[in-house]
Amino acid sequence: MKKLLFGVMALGTLAACNTAEETANLTDNTSKTATASRKSCPSEEIRAELLKNDAKARARFAAIEAGTEKFIQAKKLGRVLADGTVEIPVVFNVLYRTSAENLSDARIAEQIAVLNKDFGATNSDINKIPAEFASVAAGDTKVRFRLVKTVRKSTKTRSWRTNDAMKKASSGGIDATDPTQYFNIWVVGDMSSILGYATFPESAGQWNDGVVLAAPYTGVTGASAPYNLGRTATHEVGHYLNLRHIWGDATCGNDFVADTPTQTGSNGGSPTYPLYNTCGGVQRSVMFMNYMDYVYDSAMYMFSAGQRDRMQAVVAAGGARAGLRNL
């Protein structure tokens, strides 16, 4: 069983989860939009940089992890989440250069529907969970999402980086709608090979707090295969609610969740169960179908119970994202 680690120093040495070069903000018409051939999510890398340079963020991180462990222990005694499901108010901020990038209301509604199915365990492919992992499947996470409004803005920017420019009106983006009370999602036309990225709970309420998604991988209708089932958002919202990549961003790393098998690294494509890894001298199948791995959208369809507890901890009344419960 993996132990929950609260040390911050280890995060400074996390392996980068984006191995492709980032593209600069471009406004010329000569650049070509890149297509992701493999899932790439730099959320942990961006977080590691924040924690390395910001002592206050490190303190918030440590407090969140301590609170999460306290929550998990209290939950075992039946003392938390007596009020049931938490419905998170969502604001979509759409930055578009072409009509195709200006996602329709219907496609945004599709994305909200996917999130509610995946987090509510009503997704149609949940019956694919192997018997080995059925006993630790999350079931309903008691987290839901409600679209409050959509903000749209035309832009000349062809490709965006992970420097949060899309989150500032002063740099051509859209300012967040009160991130202390709303979950902001920015959709941009292209981020080269990056599908999306997220802030973690230590950034709760900050100007840049939220999730960024590339338009081709948002929603379902018209999205780009093999990431065309809306699960880039499911993965990034997992980060927003304090889930790490399932492999802990290191060889046989720690994702701070006891019921997800330790694995040697990320998985891509559509693996076949069982997929064996050996960590610490123990060989067993990994949970590649977990939303926090890198497999194709069609190959991921579950959270674990331990991941559910971590998410509930941050939206609980005393959690880092408690403000999302106020509306």
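**A guided tour from helix pair to disulfide**

Begin by selecting helix H1 (residues 43–53) and helix H2 (residues 55–76), which pack at an angle of about 115° with their axes 5 Å apart. Axes are lines fitted to C-alpha atoms, for helices over the stretch in contact, and angles run from 0 to 180 degrees between N-to-C directions. H1 is therefore roughly perpendicular to H2, a term for angles of 65 to 115 degrees. Helices (H or I, at least four residues) and strands (E, at least two) are DSSP runs, numbered from the N terminus.

The model is predicted: local features need pLDDT of at least 70, side-chain atom pairs count only at pLDDT 80 or more, and totals for chains, interfaces and linings use all residues. Residues are numbered from 1 along each chain as its sequence is written, and side-chain values use heavy atoms, with hydrogens and water left out.

Next, display the side chains between the two helices. Arg47, Leu50, Leu51, Lys52 and Asn53 in H1 meet Ala55, Ala57, Arg58 and Phe61 in H2; contact means heavy atoms within 4.5 Å.

Now select the open sheet of five strands, whose order is S2-S1-S3-S5-S4, with mixed pairing. Two strands pair if DSSP finds at least two bridges between them. Strand S2 (143–154) and strand S4 (196–198) stand at the edges, each with a single partner strand, so one side of each is left without a neighbour in the sheet. From one strand to the next, the twist averages 20°.

Move on to strand S6 (276–279). Four bridges join S6 to strand S7 (residues 282–285), and the two run antiparallel. Tyr276 stands opposite Ser285 in S7. The two strands form a hairpin with two residues between them, and Gly280 in the turn has a positive phi of about 60°.

Finally, select Cys252 and Cys279, which form a disulfide (a pair of cysteine sulfur atoms within 2.5 Å) with sulfur atoms 2.1 Å apart. The pair links distant parts of the chain, 27 residues apart: Cys252 lies in the loop between helix H5 (231–240) and S6, and Cys279 in S6. Which of these cysteines is buried? Cys279 is buried, with a relative accessible area of 12%, whereas Cys252 is partly exposed at 29%. Buried means under 20% relative accessible area, exposed over 50%, and partly exposed in between (1.4 Å probe, protein chains only).

Technical notes:
Angles under 35 degrees count as roughly parallel, over 145 as roughly antiparallel, 65 to 115 as roughly perpendicular and the rest as oblique.
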